[in-house]
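This report is meant for a reader who is meeting the structure for the first time. Please keep the sequence and the model in view while reading, and follow the named parts one by one.

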Amino acid sequence: MRVFLDSGDLDEIREAVSWGIVDGVTTNPTLMREAVSRRNGVDLVGYVEEVLRAAGPGRPVSLEVMGTRAEDMVREGRILYERFNPVAGNVVIKVPVNTRGMEEGDAEGIRAIRELSSSGIPVNATLIMIPAQAALTAAAGARYVSPFLGRVDDYVRTALGMKFSKGDYLNVASLRTWLEGRVREGDRAAMDVNSGILGGIEVVRAARRIFDVQGLRSEIIAASIRNPRQAEEALEAGAHVITVPMEVLRGMLRHPKTEEGVRIFSEDARRANYGEIFGR
Ligand code: E4P
């Protein structure tokens, strides 16, 4: 099991790495835009170098391409790798499994993933929403494959017109219960929904099973994680890595009864004169 921080914020990266349990970092253009906008006028190239140094050697940092055509993504992936990998030897190129030009039979993302991977550049195949995308990007040689759990759930909810509150997430049981209710009410769309529809966690579970059965060596990074319970389920479902925002990482350590217990034990230690043992 490994934990990555999903952030482009230098302070967060330094803080999380100092905890000793963060094994890598994932960024994306949105996270970088947010991080850079908090540091007025910062030079992006220098900032990326600082991020790579803050993560440090041995902790992969995913940097994403910006193009949507295979040739652009390959060119940008090479530029990113050649420019930044010498800094700390930890660059991974994030390539979306996009299908621009699919109607002409193209599949831009998969072609770029294959080409970059074949030339020895480690790729994180991103924006994975279904197990089939995970399987194909793994077969194309991606080092990492990132199912976006939160966004898969967003998609399923929207497709089904489901209303959930922020922080909720889907699993097969909750989806079935909801669907059964709608079917009982005579909802035609619900009746038509394919029973094979998957929530984010199930995408991870299915992808892991495919990788194991087929002997695919890529590692699954469960991404787009919105709360600690989702992180737990992703690990249980077989994600090799979870990538979590700082807020979720902090949440994974917290429980009110833990905090209460610490308060009580500290007080009782004081009353029992533990100070004599520790010289205070
Ligand atoms: C992972 O690699 C992505 O950067 C990230 O998890 C996306 O999360 P979001 O769907 O919450 O934006």
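## Terms and overall make-up

Axes are lines fitted to C-alpha atoms, for helices over the stretch in contact, and angles between N-to-C directions run from 0 to 180 degrees. With that in mind, helix α4, which spans residues 70-88, lies across β3 and β4 and runs at about 165° to β4.

The model is a predicted one. Its secondary structure comes to 14 helices and eight strands, and buried residues make up 39% of the 280 residues in the protein. Among contacts with a separation of 6 or more, 62% are accounted for by residues 24 or more positions apart.

## The barrel

Eight strands form a closed barrel with parallel pairing, in the order β1-β2-β3-β4-β5-β6-β7-β8. Neighbouring strands of this sheet are turned by 30° against each other on average, with direction ignored. As background, strands of a sheet pair through backbone hydrogen bonds, either parallel or antiparallel.

Some of the individual pairings can be followed in detail.

Together with helix α6 (residues 131-139), β5 and β6 make a right-handed β-α-β unit.

In the helix of this unit, α6, the buried residues are Pro-131, Gln-133, Ala-134, Leu-136, Thr-137 and Ala-138. The buried residues of α6 pack against β5 and β6, and also against α5 (108-118) and α10 (200-214). Just after α6, Gly-141 takes a positive phi of about 105°.

## Around the ligand

Which residues are found around the ligand? They are Asp-6, Thr-26, Asn-28, Leu-31, Thr-126, Ser-146, Phe-148, Gly-150, Arg-151, Ala-223, Ser-224 and Thr-243. By class, this shell has seven polar, three nonpolar and two charged residues.

One of these residues, Asn-28, is found in the loop between β2 and α2 (29-37). Is Asn-28 buried or exposed? Asn-28 counts as buried because 20 other C-beta atoms lie within 10 Å, and the cut-off for a buried residue is 20 or more. Not counting residues up to four places away in sequence, Asn-28 touches Glu-64 and Lys-94. Asn-28 and Ile-220 are 192 residues apart along the chain, and their C-alpha atoms are separated by 17 Å.

## A buried loop residue

Ala-239 is found in the loop between α11 (228-236) and β8 (241-244). Ala-239 is buried, because 27 other C-beta atoms lie within 10 Å. Leaving aside its neighbours within four places in sequence, Ala-239 is in contact with Val-204, Ile-220, Ile-221, Ala-222 and Ala-234.

Ala-239 can also be set against Ser-146, a residue around the ligand: the two are 93 residues apart in sequence, whereas their C-alpha atoms are 9.5 Å apart in space.

How values were computed:
Residues are numbered from 1 along each chain as its sequence is written. This is a predicted model: local features need pLDDT of at least 70, side-chain atom pairs count only at pLDDT 80 or more; totals for chains, interfaces and linings use all residues. A residue is near a molecule or strand if its C-beta atom, placed from the backbone, lies within 6 Å of it. Ala, Val, Leu, Ile, Met, Phe, Trp, Tyr, Cys and Pro count as nonpolar, Asp, Glu, Lys and Arg as charged, and the others, Gly among them, as polar. A crossover is right-handed if, with the strands pointing away from the viewer, the path from the first strand over the helix to the second runs clockwise. Helices (H or I, at least four residues) and strands (E, at least two) are DSSP runs, numbered from the N terminus. Two strands pair if DSSP finds at least two bridges between them. Two residues are in contact if their C-beta atoms, placed from the backbone, lie within 7 Å. A residue is buried if 20 or more other C-beta atoms lie within 10 Å of its own, exposed if 12 or fewer, and partly exposed in between; C-beta atoms are placed from the backbone.
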